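I've got one structure to walk you through today, so let me put it up on the screen.

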Amino acid sequence: AKREGRSILTEFESKRALKQVGIPVVEARLAKTQKEAVSISQKIGFPVVLKIMSPDVIHKTDSGGVKLDLKNVSEVRNSFREIMKSVEKQYPAAVIHGVSVQKMVRPGTEVIVGTSRDAQFGPVIMFGLGGIFVEVLKDVSFRIIPIDRRDAQEMIKEIKGYPLLQGYRGKEPVNIPALVEMILKISNFINENPQIRELELNPVFAYKDRVLAVDARITLE
């Protein structure tokens, strides 16, 4: 998809780039046909998630382009068909690369890591609680890239929701050092790739032993 000279990488392409620089992602594999979706699902093991892969479909969930927690072959078959039908109806002109197949992972505490380019300050990195928190509470912190380890630690501690990350009221505490590492790697990645205009990891599932980017989007200049 091109908007004013920008191109948006699909989740599949974005994750591939992030994995190369050591950022933990839920790996997605691309299926061009229903048959491929079934065989990939069998290889990675159920339950799986199917998502439309198209540079023209930005809000995959709203357009019926995402199916979660599919437990067997027939659910994968039906979902593949439903996704294609729904997207073709809403985006008749969309270029469709196929459907990504990925493992359905156990939900963790949702956080978001994103970057953008500010006209004045240049590249900026953001961290916050993910899911509804980011939309409703806008509980986020910012730094100008490049950042160091201390900046990353402070970004995490600055948000109002920090107690949730520490294991508030019996909730599983998250691995803060792993989050720090992820934020640092994103900062370095953006610093070394000036052609990236925006990057968004949302959600990232944070667990007590690790962090995992479930969805990713990169926009190039």
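Let's begin with helix 7. It has 17 residues, and at 1.5 Å a residue it should span 24 Å, which agrees with its end C-alpha atoms being 24 Å apart. The expected span here is 1.5 Å times one less than the number of residues in the helix. And when I say helix or strand, I mean DSSP runs numbered from the N terminus: H or I with at least four residues for helices, E with at least two for strands.

Quick housekeeping before I go on. This is a predicted model, so local features need pLDDT of at least 70 and side-chain atom pairs count only at pLDDT 80 or more, while totals for chains, interfaces and linings use all residues. Residues are numbered from 1 along each chain as its sequence is written, and side-chain values use heavy atoms, with hydrogens and water left out.

Back to helix 7, then. Which of its residues are buried? They are Ala178, Leu179, Val180, Met182, Ile183, Leu184, Ile186, Ser187, Phe189 and Ile190. Buried means under 20% relative accessible area, exposed means over 50%, and partly exposed is in between, with a 1.4 Å probe and protein chains only. At the start of the helix, have a look at Asn175: one of its side-chain oxygens comes within 3.0 Å of the backbone nitrogen of Ala178.

Now, what packs against helix 7? Helix 5, residues 149-158, does, at an angle of about 120 degrees and with the axes 9 Å apart. That angle makes helix 5 oblique to helix 7. For the angle classes, under 35 degrees is roughly parallel, over 145 roughly antiparallel, 65 to 115 roughly perpendicular, and the rest oblique. The residues making the contact are Arg149, Ala152, Gln153, Met155 and Ile156 on helix 5, with Ile176, Leu179, Val180, Glu181, Ile183 and Leu184 on helix 7. Contact means heavy atoms within 4.5 Å. The axes are lines fitted to C-alpha atoms, for helices over the stretch in contact, and angles run from 0 to 180 degrees between N-to-C directions.

The axes of helix 2 and helix 3, residues 73-90, come within 9 Å and cross at roughly 140 degrees. So helix 2 is oblique to helix 3. On helix 2 the contact uses Gln34, Ala37, Val38, Ser41 and Gln42, and on helix 3 it uses Val73, Val76, Arg77, Phe80 and Arg81. The crossing of helix 2 and helix 3 is right-handed.

Next, a lysine. Lys15 sits in helix 1, residues 11-20. Is Lys15 buried or exposed? At 3% relative accessibility, it's buried. What does its side chain reach? There's a polar contact of 2.7 Å to the side chain of Glu11, and the backbone oxygen of Val26 is reached at 2.8 Å. A polar contact is a pair of N or O atoms within 3.5 Å; within protein, one must be able to donate a hydrogen and the other to accept it, and residues adjacent in sequence count only if both atoms are side-chain atoms. Setting aside neighbours within four places in sequence, Lys15 is in contact with residues including Val25, Gln102, Val214 and Asp215.

On to the backbone. Where are the cis peptide bonds I want you to see? One joins Phe46 and Pro47, with omega about -5 degrees, and Pro47 is in the loop between helix 2 (34-44) and strand 4 (48-53). Another joins Asn202 and Pro203, with omega about 0 degrees; Pro203 is in strand 10, residues 196-206.

Then there are positive phi values outside glycine. Lys138 has phi of about 50 degrees, in the loop between helix 4 (132-136) and strand 9 (140-144), and it's exposed at 57% relative accessibility. For Arg169, phi is near 45 degrees, and this residue is exposed too, with a relative accessible area of 75%.

Last stop, Leu68 in strand 5, residues 66-70. Leu68 counts as exposed, at 53% relative accessibility. Its C-alpha is separated by 6.7 Å from that of Val48, 20 residues apart along the chain.

How values were computed:
Left-handed = near helix turned anticlockwise from the far one by under 90°.
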